[in-house]
Each structure stands twice: as C-alpha cells, then as structure tokens.
Amino acid sequence: MVAPCQGLVSQVARSYQDVLPPEVRLELLPGAAPTVAADRRLVERALVNLVENALQAVGEQGSVRLRV
C-alpha cells in the first residue's frame, strides 16, 4: 500500500489540536515528504506513538514540532 506521508502527518497533527493543554503547541513544519510503500495503519500508529511520547515529554508547557 502506498501512503503519502505529509497528508498522514497533517491528519495526525490535526487530531491533537483541540485537546492540547493551553501552553502546549503542536507545529507541523514544512518539508518535502516522500510517498512510501507501507501499511497506512502501521505508519499512522507509529506517528501517533511518536506524538504521544513527545507530548508526555513536554508536559503542560512546551512545543512539539513535526517534520517529515
């Protein structure tokens, strides 16, 4: 299966925007993301895990920046 990375990263980032603490920012930085041959669900799960870990690391204040 072919998964366009930038769209998937954007989708994951949007899913967190409304639930972030007021002092936490989640930014999607521009970049040239490749299209990869991968299972979309597995790539999405990996991205969610990375974002979750990053948000836990910043706690109640900070920023997480995503770039592919």
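Two residues are in contact when heavy atoms of theirs lie within 4.5 Å. Keep that in mind as you explore this predicted model.

**Stop 1: Glu27.** Select Glu27, which sits in strand S2. Leaving out residues up to four places away in sequence, Glu27 touches Ser63, Val64, Arg65 and Leu66. Now show side chains: those of Glu27 and Arg25 are joined by a polar contact of 3.1 Å. Is Glu27 buried or exposed? Its relative accessibility is 19%, and buried means under 20%, so Glu27 counts as buried.

**Stop 2: Pro34.** Move along to the loop between strand S2 (24-28) and strand S3 (35-37), where you will find Pro34. Pro34 counts as partly exposed because its relative accessibility is 42%.

**Stop 3: helix H1.** Select residues 5-17, the 13 residues of H1. At 1.5 Å a residue the helix should span 18 Å, and its end C-alpha atoms are 19 Å apart, which agrees. Colour Cys5, Leu8, Val9, Ser10, Val12, Ala13 and Tyr16, which are buried. As you turn the view, remember that an α-helix has 3.6 residues a turn, so residues three or four places apart point the same way.

**Stop 4: H1 with H2.** Residues making the contact include Leu8, Val12 and Tyr16 of H1, and Val43, Leu47 and Val51 of H2. The crossing is right-handed.

Definitions and conventions:
Residues are numbered from 1 along each chain as its sequence is written. This is a predicted model: local features need pLDDT of at least 70, side-chain atom pairs count only at pLDDT 80 or more; totals for chains, interfaces and linings use all residues. Side-chain values use heavy atoms; hydrogens and water are left out. Helices (H or I, at least four residues) and strands (E, at least two) are DSSP runs, numbered from the N terminus. The expected span of a helix is 1.5 Å times one less than its number of residues. Buried means under 20% relative accessible area, exposed over 50%, partly exposed in between (1.4 Å probe, protein chains only). A polar contact is a pair of N or O atoms within 3.5 Å; within protein, one must be able to donate a hydrogen and the other to accept it, and residues adjacent in sequence count only if both atoms are side-chain atoms. A crossing is left-handed if the near helix is turned anticlockwise from the far one by less than a right angle, and right-handed if clockwise.
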